[in-house]
Amino acid sequence: MQTRLRSDLLSSTESQQAEQILRRCVHCGFCLATCPTYQLTGNELDSPRGRIYLIKQLLEGEAASVATQQHLDRCLTCRACETTCPSGVQYSQLTDIGRGLLEQQGLRRWRDRQYRRLLQTGLRQRALFGTAVWLGRTLRPLFRATTAGIPPRHTLPAWTLPALPANAPSVIVLQGCVQAALAPDTHEATLRVLQAAGLQVHTVPREGCCGALAWHLDDQDAGRDDMRRMVDRLWPLVEAGASAIITTASGCGVQLHEYAVLLAQDADYALRAARISALACDVSEVVNQHLTPLLPQLKPAGPALTLHTPCTLQHGLRKAALLQDLLVRLGWQLAPVTESHLCCGSAGSYSLLQPALSGQLRERKLAALRAEQAAVIATANIGCQCHLQAGTRTPVRHWISLLAERLRD
């Protein structure tokens, strides 16, 4: 793609990055077949190819418009297009650049800006969000429609912590912002499974947000501040010898993997950020590595498992096949799922910002999962879990919680 980018709009690093990404795109159109929003609207500008064209116009100095903002806002950043693209276009990085540039133009209405600020504050403050979730559960009989996405509480069965040798490998497990309140059984299950596998598990004091929430709400400065705080809080445990930084929300996992890129120009954090990105891994990777000591401690698996693979695990981390293989090795049969590459519509805060499109994608996903016939739907990301749960009576659980329930006491 021929480009004439204005050098005064971006830093030299961002300008070079945008130039390289734009030149890779050959407008083949393969991405249209896997783009969820294009599947719904049929509008070329709601496809990766169309959005790349809009971002190119912005970078060449054309005036920003509300319509351009709308088309970029509609993107889920699911990255299915990156999996499909034969040219290796790093679409999500270009979208971040375009959204950052648009945000500087101040096109959003005051009401929209305040709503985004409210989401950013409420979702990142664990105590505040925890109180809201508690109220939601308490008042569920009165406001069932608005609290449908809050998963019911699950209490894991009694279990005895095994004695671990002093030289057992050490790992860090992140709790996540919203997951700690919405599905605390996921974190408890992770601790149990990893300890049963022979690992010493550490949590992060005053953990905070990994930066994903602010970043995806287009407040990139606040997102980088959250990333720096996370680096500071993780670093003492890394220096103490932790061999992995484990996430149970694949959305957080993608963000941690990108620290190396997003903080690369920060002289004070670049090296530590790169180290943290290198240590970051999804819980499925660690369970897979330590499967041998775990298998004898498990009860037999139940009926076939219906698995929803989050986009962040499938297209971001590229670990979908690993998880599917792991679940089979753990004894589950996996029920067939059609259109597994398409997003469920959660996409972080997308379900709150684009409820109409998000709702359509959820209904399509639940139909593909055959939700009404499933005994339980397993997933690997808290956002997907809550979003899907709001549309079905079938329990939606993190697969690690289902695994922890199989541990023999």
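In what order do the 3 strands of the open sheet with parallel pairing stand? The structure is a predicted model, in which local features need pLDDT of at least 70 and side-chain atom pairs count only at pLDDT 80 or more, while totals for chains, interfaces and linings use all residues. Residues are numbered from 1 along each chain as its sequence is written, and side-chain values use heavy atoms, with hydrogens and water left out.

The order of strands in this open sheet is β5-β6-β7, and their pairing is parallel; strands (E, at least two residues) and helices (H or I, at least four) are DSSP runs numbered from the N terminus, and two strands are taken to pair if DSSP finds at least two bridges between them. Because β5 (306-307) and β7 (396-398) stand at the edges, each with a single partner strand, one side of each is left without a neighbour in the sheet. Between β5 and β6 (residues 377-379), which run parallel, there are 2 bridges, and T306 stands opposite I377 in β6. Helix α22 (residues 382-389) packs on the sheet, where it touches β6 and β7, and its direction makes about 170° with that of β7; axes are lines fitted to C-alpha atoms, for helices over the stretch in contact, and angles run from 0 to 180 degrees between N-to-C directions.

Parallel pairing is also found for strand β1 (residues 170-173), which is joined to β2 (residues 200-202) over 3 bridges and to β3 (residues 245-247) over 2 bridges.

Among the helices, α4 (residues 66-73) has T68, Q69, H71, L72 and D73 buried, and the elements covering its buried residues include α3 (48-59), α6 (91-104), α7 (110-124) and α20 (350-353). Q220, in helix α12 (residues 220-239), is buried, with a relative accessible area of 14%. When neighbours within four places in sequence are left aside, Q220 is in contact (heavy atoms within 4.5 Å) with D96, G100 and W215. A polar atom of the Q220 side chain lies 2.9 Å from the backbone oxygen of D96.

Notes
Buried means under 20% relative accessible area, exposed over 50%, partly exposed in between (1.4 Å probe, protein chains only). A polar contact is a pair of N or O atoms within 3.5 Å; within protein, one must be able to donate a hydrogen and the other to accept it, and residues adjacent in sequence count only if both atoms are side-chain atoms.
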